[in-house]
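Please open the model in your viewer and keep the selection panel at hand. The stops below say what to select next and what is there.

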Amino acid sequence: MNVARIASLVALLTACGPSASKPMTAPSAPQTPEHPIVQAGAPVLRARAAAVDPARIGTAEIQDLIIKMVAAMREAPGVGLAAPQIGVPLRVLVLEDTDERMARLTAAEIAERERVVVPVRVFINPQLRAVGDEKRTFFEGCLSVDGWAGLVERHAEVEVTGLDEHGQPATMRVRGWPARILQHEVDHLDGTLYVDRMVTRSFSTAEQVKERFAGKPIAEVLAVFGL
Ligand code: ZN
């Protein structure tokens with residue numbers, strides 16, 4: 001076990017709240033990302049990622065991977081990331097949601113999406129099961145399909161079990177947006193992208209979604225697409 005790396009990871013995962021996010025940068029000064037996200041078309045996004053041997057979780061390789069994934073997710077910024085999205089074909093996902101990342105949504109949109117603050121979590125070799133039969137449909141995007149969005153139906157509630165960053169058993173049972181994030185990220189580990197599940201006629205640029213549907217109730221959005 002690499003104690004120093006685990007200690008630095010623990011510090012990263014516990015100390016960095018929303019206020020520790022990167023400072024705002026001027027929109028006129030785009031920068032090359034420090035952690036580029038693999039884009040659709042790359043074979044790593046279409047392969048089934050390999051399970052991590054639990055004995056390897058404490059190694060520098062896996063601890064560094066987790067640190068890099070959290071950094072990439074925050075840099076993007078996104079609310080979840082799977083290891084294949086940074087080119088690593090292993091069954092590891094991270095998720096985190098913050099008030100800052102939902103700041104562009106109205107209170108009604110946050111409530112409709114059941115979007116809540118989720119402190120950063122790590123799942124290694126996650127297994128997902130749906131809880132109940134309820135479904136929800138919302139626009140969803142992906143850091144690996146940059147600039148686009150589509151309506152995707154997901155289970156309203158799920159339970160994920162797996163191992164955490166210490167190799168300890170971990171379970172998360174959640175509803176709403178975190179449930180959507182987990183379904184999206186576990187899909188990545190099986191080589192599935194949201195475009196495989198979306199209502200294809202809803203495929204839109206992120207710009208159009210923002211311009212036309214921001215602040216609108218989902219019933220109104222679904223009606224536009226004849227759903
Ligand atoms: Zn994605």
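A polar contact is a pair of N or O atoms within 3.5 Å; within protein, one atom must be able to donate a hydrogen and the other to accept it, and residues adjacent in sequence count only if both atoms are side-chain atoms. This is a predicted model, in which local features need pLDDT of at least 70 and side-chain atom pairs count only at pLDDT 80 or more, while totals for chains, interfaces and linings use all residues. Residues are numbered from 1 along each chain as its sequence is written, and side-chain values use heavy atoms, with hydrogens and water left out.

Begin by selecting glutamine 85, in the loop between strand 1 (80-82) and strand 2 (92-97); helices (H or I, at least four residues) and strands (E, at least two) are DSSP runs numbered from the N terminus. Display its side chain together with that of serine 144, and a polar contact of 2.9 Å can be found between the two. Is glutamine 85 buried or exposed? Glutamine 85 is buried, with a relative accessible area of 1%, where buried means under 20%, exposed over 50% and partly exposed in between (1.4 Å probe, protein chains only). With neighbours within four places in sequence left aside, its contacts (heavy atoms within 4.5 Å) include Pro36, Leu45, Cys142, Glu185 and His188.

Next, select strand 4 (135-140), an edge strand that pairs on one side only, as does strand 8 (204-205). These strands belong to an open sheet of three strands in the order 4-5-8, with antiparallel pairing; two strands pair if DSSP finds at least two bridges between them. Strand 4 is joined by six bridges to strand 5 (residues 148-155), and the two run antiparallel.

Move on to leucine 182, which is placed in helix 4 and counts as buried at 0% relative accessibility. Apart from neighbours within four places in sequence, leucine 182 is in contact with residues including Leu93, Leu128, Val158, Met172 and Val174. A C-alpha to C-alpha distance of 7.8 Å separates leucine 182 from glycine 80, although the two are 102 residues apart in sequence.

Grid points are joined across faces, edges and corners, and a volume is the space filled by probe spheres set on the points. The second largest pocket has a volume of about 230 Å³, and its lining includes Lys135, Glu153, His155, Gln183 and Arg197. The largest cavity holds about 50 Å³, with Arg113, Phe138, Ala156, Trp177 and Arg180 among its lining residues; helix 4 gives the most to this lining, three residues.

Notes. On a 1 Å grid over the protein atoms alone, a cavity is a set of points where a 1.4 Å probe fits but cannot get out, and a pocket is an open set with protein on both sides within 12 Å along at least five of seven lines; lining residues have an atom within 4 Å of a point.
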